Number of protein chains: 2
Amino acid sequence: MNEIGLSRRATVHDVARAAGVSLATVDRVLNGRPGVRAATAEKVEAAIAAIGFQRDLSASLLARARDLKLTFIIPDGSNEFMARLAEAVRRRASQALSERMHIQTRRIKPLDGDALAHSLDGLDPRDCDCAIIVASQAPSVVAAVDAASRRGVVVMTLVSDLPDSQRRHFIGIDNVAAGRTAGALLGRFLPQGGKVAVIAGSLHLRDHADRLAGFAAVLEAEFAGVAIIGPIEGHDERSQTATLVGDLLARHPDLAGVYNLGAGNAGLVAALQASGRAGAIRVIAHELTEPTRRGLQSGAIDVVLDQNPDGEIRAALAAARSLALGGNGSAVIDPIEIGIFLRDNLR
Amino acid sequence: MNEIGLSRRATVHDVARAAGVSLATVDRVLNGRPGVRAATAEKVEAAIAAIGFQRDLSASLLARARDLKLTFIIPDGSNEFMARLAEAVRRRASQALSERMHIQTRRIKPLDGDALAHSLDGLDPRDCDCAIIVASQAPSVVAAVDAASRRGVVVMTLVSDLPDSQRRHFIGIDNVAAGRTAGALLGRFLPQGGKVAVIAGSLHLRDHADRLAGFAAVLEAEFAGVAIIGPIEGHDERSQTATLVGDLLARHPDLAGVYNLGAGNAGLVAALQASGRAGAIRVIAHELTEPTRRGLQSGAIDVVLDQNPDGEIRAALAAARSLALGGNGSAVIDPIEIGIFLRDNLR
DNA sequence: TAGGTCATGAGGCACGTACCTCAATCCAAA
DNA sequence: TTTGGATTGAGGTACGTGCCTCATGACCTA
């Protein structure tokens, strides 16, 4: 186990000695610099594996003497969850700075692929090593992500993924599983069956589409007595959602449940309360924000499925660090868990 | 905002200049070394605040040139969750090592305060900066924790807390909230009311006692139709739990629900299946392990509330680092969330 | 006033890696 | 064999902090 007498951590010097090469060559291999024959590089790799060398992150960051520049691009507007996300970024900024990561945040027009693409196009690799975006599904966005990657900006997706692009990593919950969870809970809440309405923000958002797919699959497979109405799109917007839900309630006096897989929950709660049927209808929503919190407390919402923004930002920063440093895409990032909140376990 | 011309991070040198003292004095203040007048120390603190200095963690760790020594003390035995916890520690070890944290793990006899106390007493501050323990509630443990603290070993609790001791930090979920969640779910699952049995491992464990309190409170306040049977103690042990649940099922042919807030889930599932009533009784359990996973898949268990061991270990390591370094107890640690799993969102 | 203690300053080395320059060596093609 | 580019070695400095020694001055007490 211990190739070096005392119990000391292996350093680049040890690697050089073990491989029978100079420090400079080890350095070239470790940092992917040119001018090393394949055979020599292999010798070094073998030595690294043999003595179990691990680059000292502290020393590495220190020696680089340069901050990692990160840019978060987050939708603006009335979406409370996005505000929460931006707030989480702000909270982490100072801690991140002490770990040599410099964070910049941009807010852009929501649900607008072109705005996102344009913002990405404006990223200069000299002042942005890594961009973290909440992706919308659009060809122009895919093109902009790929272009940024070619320019040398690592792109990661957050909350909503963009699988067919050059994005290096996705940070967020498993949205299909989230939808399944909602379906499994709602099914158990309605042992007699009934009509359940589904509300989305926009099915062009990958996360919304995934949730819908999971939800519908579970109800179909396990709860045949439950019928789905919709999905209807409220564009993550309070007043639009309120109007739509109002119509819905008027048209279906026997509605037994609602699953809002997008935002706009303030409108949902308002419409439920206006109809006088809040509490009589089982409601599941997403993201613990002020409106959903109030909805839980008043009894208008039964369950909120939550993705922890702080956890996501932490994971994003960790991923950015290892992507920008290690270079090898095999960073160990633990998945984001789906949280659950009822009135009785609100924080 | 930026007191130093260029956008460069503030260093100890900047602090010294701003405070009008020497580097040595800044160093003495920063690291709590003696030989500084109170007035001078205040000047330095003021300068730190004014220019927003933050110690560079990388450089600090590097300069110490010494690993942080951590010792995890985790119950042994058949408790699957504890095995999962130990496994999570093992998985993190190598990453932690590259961040200069050396991890050691001890497994001790479960549910035995004296074994834990004895293990703590054996900790030498020279080879353990910080001990992370799964606490059982016993006077001998409190005494051992306090003694270790006096010797200079920082103690943190994991999963089960020990509030009246010198432990510096607790890492784990809010177990009262977890119990409330179980109660709120089970109540909604049983709109007609009915009898619900509660099984615990040992009420001497703080986490078990907290869960019970939360569970009972919600049922009493919101679901008057649901009656609690128990709690009965299965000592987190498979066969004991199976026997107890077998008796329970025989004595209560009309049992509508079970909440197992401890371990021993393999026994619970076995007894349910032996009785032929699995699937007809709503069951909520804790911790996603092999037995609970199988229970979910077979339909014997409806919901598993989970605390993510990987997340807990990550949080523990972060806390240990900032405690051992910063010294000030005000480390920003984000709370561990309660995860929820049904058959349909198993990972 | 002499001797002592305490507070502070000045300076330097170390930690492990990144990145630079310059010289030396190797190898293949001419 | 010569030439020239590719490869490798040797050695240095820098990053920001921790920790050490030694010198200096201030202040107190006998």
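Helix 4 of chain A gives the largest share of the surface near DNA strand C, with 4 residues; a residue is near a molecule or strand if one of its heavy atoms lies within 4 Å of it, and helices (H or I, at least four residues) and strands (E, at least two) are DSSP runs numbered from the N terminus. This is a predicted model, in which local features need pLDDT of at least 70 and side-chain atom pairs count only at pLDDT 80 or more, while totals for chains, interfaces and linings use all residues. Residues are numbered from 1 along each chain as its sequence is written, chains are lettered from A and ligands numbered from 1 in the order in which they are written, and side-chain values use heavy atoms, with hydrogens and water left out.

- Within 4 Å of the protein, 72% of the atoms of DNA strand C belong to sugar and phosphate.
- The residues of this surface divide into 10 nonpolar, 9 polar and 7 charged, where Ala, Val, Leu, Ile, Met, Phe, Trp, Tyr, Cys and Pro count as nonpolar, Asp, Glu, Lys and Arg as charged, and the others, Gly among them, as polar.

- On chain B, a backbone N or O atom of Leu62(B) lies 3.4 Å from a base oxygen of DNA strand C.
- Two or more residues each come from helix 1 (12–19) and helix 4 (57–64) of chain A, and from helix 2 (23–30) and helix 4 (57–64) of chain B.

**Strand pairing**

- In chain A, strand 1 (residues 68–75) and strand 2 (residues 101–108) pair in the parallel sense over 8 bridges, pairing being assigned if DSSP finds at least two bridges between two strands.
- Phe72(A) stands opposite Thr105(A) in strand 2 of chain A.
- Chain B holds an open sheet of 5 strands in the order 2-1-3-4-5, with parallel pairing, and its edge strands, each pairing on one side only, are strand 2 (101–108) and strand 5 (169–171).
- Strand 1 (residues 68–75) of chain B runs parallel to strand 3 (residues 130–133) of chain B, joined by 4 bridges, and Leu70(B) has Cys130(B) in strand 3 as its bridge partner.

Notes: Polar contact = N/O pair within 3.5 Å; in protein donor to acceptor, adjacent residues only side chain to side chain.
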